[in-house]
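Colleague: I am new to this one. Could you show me how to read it, feature by feature?

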Amino acid sequence: MRRPIEKAAVLGAGAMGSRIAAHLANAGIPCYLLDMVPPELSADEKRRGLTLASPAVRQRIVSAGLEAARKSRPAAFFTPEEARLVTPGNFEDHLGWCREADWIIEAVAEDLEIKQRLFERIEAVRKPGALITSNTSGLSIRRIAEGRSDDFQQHWAGTHFFNPPRYMKLVELIPGPRTLPDVLATLEEVCDWRLGKGVVVAKDTPNFIANRIGTFSILNAMIQMQGLELTIEEVDACTGPAIGWPNSATFRTADLVGLDVLAHVVRNIYQNAPDDESREIYQLPSVVEQLLRRGSLGEKSGSGFYRRTKGDGEPEIHTLDWKTLEYRPRQKARFASLEAGKQIEETRERLRALLDPVMTGKGGDKASRFLWASLSGTLLYAARRIPEIADRIVDVDRAMRWGFGWELGPFEMWDALGAERMAKALEREGRALPELAARVLASPEKAFYQTQKGLTHYFDLRSGKLEPVPELPGVIVLKSLKERTPVVQENSGASLIDLGDGVLCCEFHTKMNALGGDIVAILLAGVARLETEFEALVVANQAPNFSAGANLMLLLMTAQEGDWDELHLAVKQFQRATMALKYAPRPVVVAPQGLALGGGCEIALHAARIHATAETYMGLVEAGVGLIPAGGGTKEMLIRANEKAASGGSLDLFNALRTIFETVAMAKVSTSGEEARLLGYLRRADGIAMNRDRQIAIAKESALAMVREGYHPPAPAGIQVLGEEFLAAAKLGVHLLVRGAYASEYDGVVARKLAYVMAGGGITAAQTVPEQYILDLEREAFVSLCGERKTQERIAHMLKTGKPLRN
């Protein structure tokens with residue numbers, strides 16, 4: 001790090017400020033969180049006899065903000081323990097704490113005067129050289145810092161985090177007119193390496209990049225909705241996963257952001273972008289104005305475009321009728337084009353299919369006509385914003401992918417639809433091409449991007465030719481690597497890729513990376529190549545999820561056919577693969593990300609080292625479908641219990657076993673990489689990468705470090721089990737849960753099977769058993785449960801709904 005960031009201060013404990021502070025704590029950076037002193041007592045404070053001088057009163061606003069961050073769902077903190085790194089204070093009593101901060105982040109109200117007055121006070125206490133940034137979503141960075149000293153302005157920038165800061169990848173970095181280069185470099189490094197963010201450098205223009213394009217997209221969708229008389233649900237059906245956008249689509253996104261925030265952004269652009277040719281679109285729609293007047297701000301107020309209504313049973317979602325401004329039960333959108341599109345897995349191909357009827361003049365249904373009007377307008381607008389908001393199309397595409405969750409950025413969409421085809425369709429409608437698009441069409445490639453042999457180039461407006469997309473040092477992209485170098489070995493489920501420096505990578509590529517015989521075969525082949533060809537193996541992929549576990553459809557079909565020999569063989573093969581990973585002659589590092597469930601978790605548990613990402617949701621979830629872990633997962637958790645109790649006697653082992661029994665029987669899944677450590681899935685030596693893009697490179701380096709240290713595979717483990725002592729206690733606990741209706745009768749059946757395995761089977765007294773003994777118990781329990789009707793019902797329900805069944 002060019003400038004060490006050892007302590008931070010966040011000014012403003014609202015939704016953004018408190019969550020930014022939480023994420024700094026997640027990164028291990030101690031943080032002060034400050035907010036204003038309340039101007040008056042609340043009714044409760046008056047009843048309690050407090051005064052404005054009472055510490056509880058003076059801390060009320062910041063305490064409420066920090067408590068909201070602690071309770072927020074999804075969680076702002078990786079684990080509750082991280083909250084200890086956040087120290088609350090107020091602007092009157094504790095502003096001097098900012099002297100200790102290496103980085104001060106302002107996140108108060110989006111009001112220029114409020115920010116300027118606060119920074120005038122901060123300048124009096126800020127130490128020279130401390131970095132100072134604003135989390136403004138669109139105010140001028142230059143104007144906020146007007147009147148500040150040279151040192152302040154040289155260490156000043158905008159750092160626009162997206163909500164929620166823990167989960168949204170984008171940080172827009174906006175330099176001021178006098179920001180020092182090494183200050184920008186430090187901010188980029190700390191946001192990237194320590195906070196795990198994707199950083200885009202934006203120009204100091206109204207609402208920067210993502211909000212400028214995203215807000216246009218929302219307003220344009222509203223205009224097209226009214227023109228075609230679509231419902232809110234129909235628009236959201238069109239602008240969600242159908243085109244590679246998040247489930248929140250258009251109107252749910254607006255509700256999540258807050259209609260008051262949307263209104264502020266719209267007004268800011270209208271007032272401060274007088275030369276925008278589409279400026280008049282930045283007039284707040286009447287429907288939004290009326291919702292604001294009645295206090296319907298979206299998610300934060302309980303109603304906006306959608307409203308959650310409490311009924312007799314489950315809460316119902318009602319939708320606003322934008323014509324009458326009344327709420328009604330949500331209606332399912334039905335369009336033939338969208339239904340057909342569901343059969344097309346690849347987003348680029350699906351986009352073309354949805355828009356082709358309109359682009360070729362053949363008509364199309366309402367959904368296709370809406371999407372063409374909405375998307376073509378947004379893509380034209382994005383092209384006209386170069387070079388106003390950014391010099392490179394790459395930065396715009398990254399901003400929309402990372403900040404709004406679009407699978408494809410605007411210029412990637414141009415290419416997906418075909419720039420020439422787009423131009424012809426627009427010409428037919430009499431719409432002019434922006435300069436950027438016209439120059440792209442005049443180029444030999446006639447595309448915004450071109451990829452050859454794993455190297456991607458983009459069209460640069462300034463040079464008028466293709467330029468290489470800058471590659472971040474320390475980032476390995478498997479897709480690019482496979483295009484540049486031959487794959488070592490592959491089948492339909494997985495590939496072996498040479499990462500260089502003697503490190504082999506096993507990449508899964510089935511749907512949801514579900515495990516089957518093809519992946520098992522490649523894992524075994526990878527371990528075999530460690531004998532003669534490679535120094536280390538990394539098991540990793542760059543899909544959204546590492547692995548959702550076993551192929552349940554195949555498992556259900558085999559169980560329903562009663563082919564128990566085939567089931568035994570399949571489980572034995574998987575056990576063979578996980579044990580091969582554990583006792584490989586050279587180090588194996590498993591790098592899980594996203595979901596690492598069931599068998600995916602078991603693969604990780606057998607690695608010499610795990611290098612997870614911060615957002616790894618890991619767990620042995622087999623109990624949820626009426627099974628127990630049988631790929632060595634139960635065994636490895638027993639070993640972890642033995643390790644935890646190593647310094648104590650049988651009582652310590654009993655308590656350690658009880659904890660892991662609860663974890664596995666309740667199918668607990670971590671909500672972060674750090675919580676995976678608390679649940680026992682990760683050991684102390686295992687690593688966590690904050691930035692998912694860097695995970696494979698870090699895992700590779702971790703493997704090479706073990707090679708340099710003279711790695712030797714572990715000695716075969718002996719596992720101490722407690723026999724009847726543990727089994728009786730576990731059965732009693734299960735009985736009480738079932739009796740109290742905390743678990744179903746069949747949950748009890750599955751939990752008792754698990755307890756039997758963890759107790760060591762029929763062993764009566766404590767003794768040490770080999771790993772294979774537990775593996776055999778796992779397999780027998782697993783196959784026997786597969787034969788149960790209720791287990792098959794649970795698997796079928798999971799396949800149909802994606803949710804567990806409690807039968």
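Colleague: Let me start with one residue. Is Asn 513 buried or exposed?

Modeller: A word first: this is a predicted model. Buried means under 20% relative accessible area. Asn 513 has 2% relative accessibility, so Asn 513 counts as buried. Asn 513 sits in the loop between strand 17 (503-508) and helix 22 (517-530). Its phi is positive, about 50°, although Asn 513 is not a glycine.

Colleague: What does Thr 663 touch, leaving out residues up to four places away in sequence?

Modeller: Thr 663 touches Lys 668, Leu 679 and Tyr 681. Thr 663 itself is in helix 27 (residues 650-665). Its relative accessibility is 2%, so Thr 663 is buried.

Colleague: Now the core. Why look for nonpolar residues together?

Modeller: In soluble globular proteins, nonpolar side chains tend to be buried together. Here the largest nonpolar core has 119 residues. Cys 98, Phe 305, Phe 411, Trp 414, Leu 436 and Phe 448 touch the most other members. Helix 16 (residues 366-384) gives the largest share of this core, 10 residues. Apart from this core lies another, of 89 residues, including Leu 555 and Ala 751.

Colleague: Which residues does Phe 411 touch, beyond those up to four places away in sequence?

Modeller: Among them are Ala 382, Ala 383, Ile 386, Leu 436 and Phe 448. Asp 397 and Tyr 449 are also touched by Phe 411.

Colleague: How do I check the length of a helix? What should helix 31 span?

Modeller: Count 1.5 Å a residue. Helix 31 (residues 745-759) has 15 residues, so it should span 21 Å. Its end C-alpha atoms are 21 Å apart, which agrees. Next comes Gly 760, with a positive phi near 100°.

Colleague: Which residues of helix 31 are buried?

Modeller: An α-helix has 3.6 residues a turn, so residues three or four places apart point the same way. In helix 31 the buried residues include Tyr 746, Val 750, Leu 754 and Met 758. Now compare Val 749, which is in helix 31 too. Val 749 is partly exposed, with a relative accessible area of 31%. Val 749 and His 735 are 14 residues apart in sequence, and their C-alpha atoms are 10.0 Å apart in space.

Colleague: How many cavities of 30 Å³ or more does the structure hold?

Modeller: One. The volume of the largest cavity is about 70 Å³. Its lining has six nonpolar, four polar and no charged residues. Trp 245, Pro 246, Phe 404 and Trp 406 are among the lining residues. Helix 9 (residues 210-228) supplies the largest share of the lining, three residues.

Colleague: Where are cis peptide bonds found?

Modeller: Read omega. Pro 74 is in the loop between helix 4 (60-71) and strand 3 (86-90). A cis bond also joins Ile 386 and Pro 387, with omega about 10°. Pro 387 lies in the loop between helix 16 and helix 17 (393-404). Ile 386 is also one of the residues that Phe 411 touches.

Conventions: Residues are numbered from 1 along each chain as its sequence is written. This is a predicted model: local features need pLDDT of at least 70, side-chain atom pairs count only at pLDDT 80 or more; totals for chains, interfaces and linings use all residues. Side-chain values use heavy atoms; hydrogens and water are left out. A nonpolar core is a set of buried Ala, Val, Leu, Ile, Met, Phe, Trp, Tyr and Cys residues joined through side-chain atoms within 4.5 Å. Buried means under 20% relative accessible area, exposed over 50%, partly exposed in between (1.4 Å probe, protein chains only). Helices (H or I, at least four residues) and strands (E, at least two) are DSSP runs, numbered from the N terminus. Contact means heavy atoms within 4.5 Å. The expected span of a helix is 1.5 Å times one less than its number of residues. On a 1 Å grid over the protein atoms alone, a cavity is a set of points where a 1.4 Å probe fits but cannot get out, and a pocket is an open set with protein on both sides within 12 Å along at least five of seven lines; lining residues have an atom within 4 Å of a point. Grid points are joined across faces, edges and corners, and a volume is the space filled by probe spheres set on the points. Ala, Val, Leu, Ile, Met, Phe, Trp, Tyr, Cys and Pro count as nonpolar, Asp, Glu, Lys and Arg as charged, and the others, Gly among them, as polar.
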